[in-house]
Amino acid sequence: MKKVLKTLLYIIGFPALLALVVYNSLYVIEEGSTYGFWPFIGTIIAAVCLLVYTIVFIVTGKNSKKNRGNRKKVMKSVATLVIIAFVLTAGIWLVIDIPMVLPDILNTATSGTLGFDDGREDYNSLATVHGKLLDDWIGWNVDNGNLSEDLHSREEWIELGYSAPEVKELIAHNFKSMDQNGYVTFTSNGPWINLANDNRLTIPVLVHLLLNERKFNEEITFTLVADVTPNLVKTDAEGDNMDYNDAVVRDEEDQEVAVHWTILDMQGGSMTINLDSLAADPKVKGIVDLLAITMQPILESILTSVKDVIADPNVAGSEIYIGLDATEGHYDLVLTSAVQGRGMHGYQSSAWLNSNNLLFAVISIFPARQWLYIWGGIVIFASLAVGALRLKEFGGKKEEVEDDEDDDDDQPVVAKNPYEKAFLTATRARNKM
């Protein structure tokens, strides 16, 4: 009966804890399934802790049985099991959390763009964000031909994800261009990149950063099979789902190009300037309506010419698409970077994607950390209960082992006859083992 009870206490301890970690890690594993073993790091840590605990559980159990009747040594085995239970649950994370080891690792790995609290509060949402980074990236690169649909369909590319060598190589190759011919050019001569954050990128600042002289490494190439350009004029008649035109295929010899990046590329997305105040006058609004609808091809040609001027190496050296959004009766001037058409996120998200395997490893640690804290108390309680059963079973009665403290002394055995002397000597030798 005691053996069954000890087995049940063992199961509700660490094995149950591992089951909880696995269950709560399933979503993270699913989102990062194409990153190999990295999303399993948290589960692996919990499994290693279970293995160590199981070894200690078995060894201390054997020691308690071997030292039957020696209450002092049985107590030592019980204490060892309980201490190990604490160390492998809350203890290991206290050592990591209190000196801020894990937060510092995460902060260093993401240059301060991803906080420890983000994962601690909702690791599943974080996994969603980082899973979507890869899915969106694959979709854009299928659209522009960087990932050929002759090899796989869009759905197949997404299913393969980072496990496809073409995807892994393309991410690393194209991020190098964005990093060296984008981010570095804005940071080498000053903290310009900070102006792209926190809504500090005003029109004067944008013009300043476009015209500032920067140094580029023309030997670093970028894979660009096709140009995918945004729809420059959007009206109610066209709807909101025509963000990009069809791809214009490049010549095969022109797939590796030297690309420059603007501050809008670093920011990602678009910059919107509301024109409603300029079109408040009915006459002005009528002219804008005319240009937006009846003269749309001419307006697109004008805006394309402006884009080409900005893309001139003597100006910005990279495309910025200027468009007009006239949907729902409002008028917005939209400055769209070339980043999505090239199959890239903004710099911060591209940097995350470039290290997404490591980030999924970090994210996977949070469910393990959470449940090692929460269920750690149950594991310690179960270990104490097992220890109490072992002490009752193997520890003997206190009055029968009062001379236990003298176990280590080589005192002579007092016996009434040679047979009793041999028996007591053998018993003392066995207790010392």
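A contact is defined here as heavy atoms within 4.5 Å. On this criterion, residues 24 or more positions apart account for 74% of the contacts in the protein chain with a separation of 6 or more. The model is predicted, so that local features require pLDDT of at least 70 and side-chain atom pairs count only at pLDDT 80 or more, whereas totals for chains, interfaces and linings use all residues. Residues are numbered from 1 along each chain as its sequence is written, and side-chain values use heavy atoms, with hydrogens and water left out.

The protein chain contains 17 helices and 8 strands, assigned as DSSP runs (H or I, at least four residues, for helices; E, at least two, for strands) and numbered from the N terminus. Of its 433 residues, 43% count as buried, a term that denotes under 20% relative accessible area, with exposed meaning over 50% and partly exposed in between (1.4 Å probe, protein chains only).

A nonpolar core is a set of buried Ala, Val, Leu, Ile, Met, Phe, Trp, Tyr and Cys residues joined through side-chain atoms within 4.5 Å. The largest such core comprises 86 residues, of which Phe14, Tyr53, Leu134, Trp137, Leu147, Val167 and Trp261 touch the most other members. Helix 15 (residues 356–374) is the largest contributor to this core, with 10 residues. At least three core residues come from each of domain 1 (2–115 + 366–394) and domain 2 (168–354), the bounds being taken from an automatic or database domain assignment. Val167 touches Leu134, Trp137, Leu147, Trp157, Gly161 and Tyr162, residues up to four places away in sequence not being counted.

Helix 9 (residues 165–187) packs against helix 14 (residues 347–354) at an angle of about 140°, with the axes 10 Å apart; axes are lines fitted to C-alpha atoms over the stretch in contact, and angles run from 0 to 180 degrees between N-to-C directions. The contact is formed by Ile171, Ala172, Phe175, Met178, Asp179 and Tyr183 of helix 9 together with Tyr347, Ser350, Ala351, Leu353 and Asn354 of helix 14.

Within helix 14, Tyr347, Ser350, Trp352 and Leu353 are buried. The elements covering these buried residues include helix 7 (123–143), helix 9, helix 11 (263–267) and helix 15. Asn174 is likewise located in helix 9 and is buried, with a relative accessible area of 0%. Asn174 touches Asn146, Phe222, Thr223 and Met344, again not counting residues up to four places away in sequence.
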